[in-house]
Amino acid sequence: MSTTHQSTIRLRPDDPIAVATDKLAAGTDIDGVTLNKAIPRGHKFALEAIASGEPVRKYGQIIGFAKEDIAPGDHVHTHNLAFGSADRLPPLPQVAKGSAHPEDQEKRWLGYRRADGRVGTRNFIGVLTSVNCSATVAHLIASEAEKRGIFADLPNVDGVIGLSHGTGCGMADRGEPFQRLERTLWGTATNPNFGGVLMVGLGCEVFQLPRLRKTYGIPEDAPFKSMTIQESGGTIATVEAGLRAVRELALRANTVARSDAPISALRLALQCGGSDGFSGITANPALGVASDRIVAAGGTTVLAETPEIYGAEHMLMARAVDDATREKLTGQIDWWEKYTAMHGVTLDANPSPGNIAGGITTILEKSLGAVAKGGSAPLAGVLNYSEPIDRGGFLFMDSPGYDPCSVTGQIASGCNIVAFTTGRGSAFGSRPSPSIKLSTTSDLYSRMSDDVDVDCGTVLDGQTLDQVGGEILDCLLRVSSGEKSKSETHDYGRHEFVPWQIGAVL
């Protein structure tokens, strides 16, 4: 039995393995190599003999070490490939900045200009909570505002969003856990996609609203209001007072209409979830092309999920603009190694059952694909979780690999739109920043076309990464201008606000 080259991909000439782009039967001949077992789609097989203990490369980079002798034609996966220490991976030479597209300087989108110069892709009113105790009231205010149609006469307001979380009390009132929550809540409230925010508390919680106002010097005339259930007189009284506050904020927000904005005003969060063996071949590098074009046009892109760059961090460090940037990323990796060790696990536990079923074997393989979302632009800076974006270019933000938690931090940092690649099929959306989803294969796109915005599987059919990257950029500009993403049509994002909670629960 023989097959065409389109049924397999060898990513680098010196890779000892190839990836099956279709399900291949046992006995299939691939350029003189006979498959010993059936190879699932997206999985790897050996093109040459690999001795036990030898490194195995994909993309020309080590993804693991053979646990046993591997013969040509063998399936290469978790049964015979093991995670190895990332410190044996050599640093790469400096990567050149992604090439600019002159036409991108002329491309425009329509957004909401804020007083600080940032531009929103949406003009929402947010109802946020200081503590989980006020979650129900916050959502009641938001849902009642929709039921009463209090925005019907305000064409420039995109709606109201209730966002709640699971902490705010039972915690220390100082230290990194408290500061991280404070930074995340205020960063979310000041995201340019909010035209106004009401924050609702209970009143007796650790996270006190007056303290928030004092810490950030929030003036009384800011588009930010706060109240507590205890001071307002209970649930019904707080909902009614909240509706009046939301209406007042909305009237103010309505005075800002969409206007012309350049690509440089985009702050794009780069995300992936439900990754598979094609993530690093199609959707992620195509998104990397779009990221490079945004950066070259003066915009900002933010990669995150520290456990999912583990083993490939050397590729980012080689692109760091200075030693301080490199050292900050090194410190974040060191923290994660200590954190996981403290809990008796390793970072190689990161690939999920779905990742493994889709063809990903080790965290090294997953990380190499994940880093591809960041293209080739220099690493201009490294942020802590939810730390405000303070410069343009390609940035990295520390976060867990849990998608809702990671995106929450990116939005709190100031990202006004999200691009999310998926191979297994992720049902995800975010607020207030819309999320577009990108499929790694055309099969996934056909099965979940109601959820996926761009089919990147066309790379396997002959389209170039540059072409698909251009399609992603065009989709981002349309959605930034007001077109609803697929996740927005399903009203995703109301329950995906998950601040990263660390520290003792008291």
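Mentor: Take helix H6 (residues 283-296) and helix H13 (residues 465-480), whose axes come within 7 Å and cross at roughly 65 degrees. This is a predicted model, where local features need pLDDT of at least 70 and side-chain atom pairs count only at pLDDT 80 or more, while totals for chains, interfaces and linings use all residues. Residues are numbered from 1 along each chain as its sequence is written, and side-chain values use heavy atoms, with hydrogens and water left out.

Trainee: What makes a stretch a helix, and what is its axis?

Mentor: A helix is a DSSP run (H or I, at least four residues), a strand is a run of E (at least two), and both are numbered from the N terminus. The axis is a line fitted to C-alpha atoms, for helices over the stretch in contact, and angles run from 0 to 180 degrees between N-to-C directions.

Trainee: What handedness does the crossing of H6 and H13 have?

Mentor: H6 passes H13 in a right-handed crossing. The rule looks at the near helix: turned from the far one by less than a right angle, anticlockwise is left-handed and clockwise is right-handed. So here the turn is clockwise.

Trainee: Which residues make the contact of H6 with H13?

Mentor: Contact means heavy atoms within 4.5 Å. H6 brings Pro285, Ala286, Leu287, Val289, Ala290, Arg293 and Ile294. H13 brings Leu465, Asp466, Val468, Gly469, Gly470, Ile472, Leu473 and Leu476. They divide into 11 nonpolar, two polar and two charged residues.

Trainee: Which pair has two bridges?

Mentor: E10 and strand E11 (residues 119-120), which run antiparallel. Arg113 has Val119 of E11 as its bridge partner. In their hairpin five residues lie between the strands, and Gly117 there takes a positive phi near 95 degrees. Strand E10 (residues 108-113) also pairs with strand E16 (residues 259-262), antiparallel over four bridges. In E16, Asp260 is the bridge partner of Leu110.

Trainee: What is the strand order in the open sheet of four strands?

Mentor: The order is E13-E12-E14-E15, with parallel pairing. Strand E13 (159-163) and strand E15 (224-228) each have a single partner, so one side of each is left without a neighbour in the sheet. From one strand to the next, the twist averages 20 degrees.

Trainee: Which strands are at the edges of the open sheet of seven strands?

Mentor: That parallel sheet runs E19-E20-E18-E17-E21-E22-E23. Strand E19 (379-383) and strand E23 (454-455) are its edge strands, for each pairs on one side only. Further in, strand E17 (residues 267-272) and strand E18 (residues 300-303) pair over four bridges. H11 packs on this sheet, touching E17, E18, E19, E20 and strand E21 (417-422), and its direction makes about 170 degrees with that of E17.

Trainee: What makes a space a cavity, and what a pocket?

Mentor: On a 1 Å grid over the protein atoms alone, a cavity is a set of points where a 1.4 Å probe fits but cannot get out, whereas a pocket is an open set with protein on both sides within 12 Å along at least five of seven lines; lining residues have an atom within 4 Å of a point.

Trainee: How many cavities of 30 Å³ or more are there?

Mentor: Two. Volume means the space filled by probe spheres set on the points, joined across faces, edges and corners. Thirteen residues line this cavity, with Thr408, Ile411, Arg431, Glu496 and Phe497 the closest to its centre. Helix H11 (residues 403-413) gives the most to that lining, four residues. The second largest cavity holds about 60 Å³.

Trainee: Which strand gives the largest share of the lining of the second largest pocket?

Mentor: E14, with four residues. That pocket holds about 460 Å³.

Key: Pairing = 2+ DSSP bridges. Nonpolar A, V, L, I, M, F, W, Y, C, P; charged D, E, K, R; others polar.
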